[in-house]
Amino acid sequence: MLLRKILVTATAVAALLVPATAATAAPDRPATPTAATATANPVIVVGGLIGLSIAYEPIAARLRADGFRVFVYQLPGLGFGDIRDSARAFAAYVEQVRSVTGASRVDVVGHSEGGLVSRWYVKFLGGESAVGRYVSLGSPQQGTYVANILRVVGLGSCAGVVACQQMSIGSDFLADLNGGDDAPGAVRWTTVRTWQDELVRPVDNASLADGATNVLIQAACPLRVVGHLGLVLDGTTYTVVRQALRDTPLHPDCLAP
C-alpha cells in the first residue's frame, strides 16, 4: 500500500513538470439567458493544479444543461505558483464575470487547489461580498500528507512547486487560511469529498468547520467509487453540486450516471 501511494505521488509530481500555459483569458459573454437563468448567480468552475480548462467542460456542460450560466477558470500558470497570487488573479476574473453578466454575486465550484484559491479570495480579498455559494470538490482545506511525503521519494520540498508546498500539512499558508472562522460571512459553504481520493489524505482534510456543510459521497452511497479527478466527472457528485447551487437539501443520487 505504501509503495502504491509513493508511485501515485511520483506520477502526480511528474505531471507538475508539464510546461505552464498562459493565464486564463477574459470570460466570454454568455448566451442570452432565459428567464430562469437570468435570476441565478453565474457559476465559475475553478480548476485545480495542472487543471486545463478543457478538463472541466464535462461538469460545465452538466451545469449549462441545468440552466446555469457557467464560466471555467484555469489557474494562472496552471496553479504552480503562490496560491495567494492565483487568488488575486481570480479576484480580477470575478469582477470581469460580474461586469459581463451584470450579476452582483457569483457562485464558485472549486476543484482541488481551486477551492483554496477561491476560499482565500473570499476570506482575504473582499470576495465575501461577491460570492453567494462556495462548493469545493476534493480541496485539501487542511492540507494533504501526499504533499509532505514527496521527501520520501527524494523530491525535497514538493520539487520546488510553491503551491504544493502550501498544500502540505502544517504550511504557513494553511495556518493563515484556517485561522479564525473557516467559513465567514453570508456565503453558503459546501465541501464534497470521497474516500477514494488519492491526493487528499486524510480525506477528512477536505472538510471545513464553522457552519459549512460537508458531504462525504460514500456516507450516502457506500458503493460509489470516485477518485480525486473523478469528482468533476462523477454523476453522483454532480447532484450534490446542483443541489448546493439551488439551496435544496443535499441528498446524493447514488444512481446518477
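Student: What makes Arg224 count as buried or exposed?
Tutor: Its relative accessible area is 18%. Buried means under 20%, exposed means over 50%, and partly exposed is in between, with a 1.4 Å probe and protein chains only. So Arg224, at 18%, is buried. Before we go on: this is a predicted model, where local features need pLDDT of at least 70 and side-chain atom pairs count only at pLDDT 80 or more, while totals for chains, interfaces and linings use all residues. Residues are numbered from 1 along each chain as its sequence is written, and side-chain values use heavy atoms, with hydrogens and water left out.

Student: Where does Arg224 lie, and which residues is Arg224 in contact with?
Tutor: Look in the loop between helix H9 (217–220) and helix H10 (235–245); helices are DSSP runs of H or I with at least four residues, strands are runs of E with at least two, and both are numbered from the N terminus. Leaving aside neighbours within four places in sequence, the contacts of Arg224 (heavy atoms within 4.5 Å) include Gln196, Ile217, Asp234, Cys254 and Pro257.

Student: How do you know that the side chains of Arg224 and Asp234 meet in a salt bridge?
Tutor: The rule asks for a side-chain nitrogen of Lys or Arg within 4 Å of a carboxyl oxygen of Asp or Glu. For Arg224 and Asp234 the N to O value is 2.8 Å, so the pair passes. The two residues sit 10 residues apart, both in the loop between H9 and H10, and both are buried.

Student: What about Asp85 and Arg88, why are they about one helical turn apart?
Tutor: Because they are 3 residues apart in helix H4 (residues 83–101).

Student: Which parts of the chain does the salt bridge of Asp107 and Arg133 link?
Tutor: The N to O value for that bridge is 3.0 Å. It links strand S3 (residues 106–111), which holds Asp107, to strand S4 (residues 131–137), which holds Arg133, 26 residues apart. Asp107 and Arg133 are both buried. A search of the whole structure finds 11 salt bridges.

Student: Why is the link of Cys221 and Cys254 called a disulfide, and a left-handed one?
Tutor: The torsion about the S-S bond is about -85°, so the disulfide is left-handed. Cys221 lies in the loop between H9 and H10 and Cys254 in the segment after H10, so the pair ties together parts 33 residues apart in sequence. Cys221 is buried at 3%, whereas Cys254 is partly exposed at 29%.

Student: How many disulfides does the count come to?
Tutor: The count is 2. Cys158 is joined to Cys164, S to S 2.2 Å, and that link is left-handed as well, with -60° about the S-S bond. Cys158 is buried at 1%, and Cys164 is buried at 8%. With the bonded cysteines numbered in sequence order, the pairing is 1-2, 3-4.

Terms used:
A disulfide is a pair of cysteine sulfur atoms within 2.5 Å.
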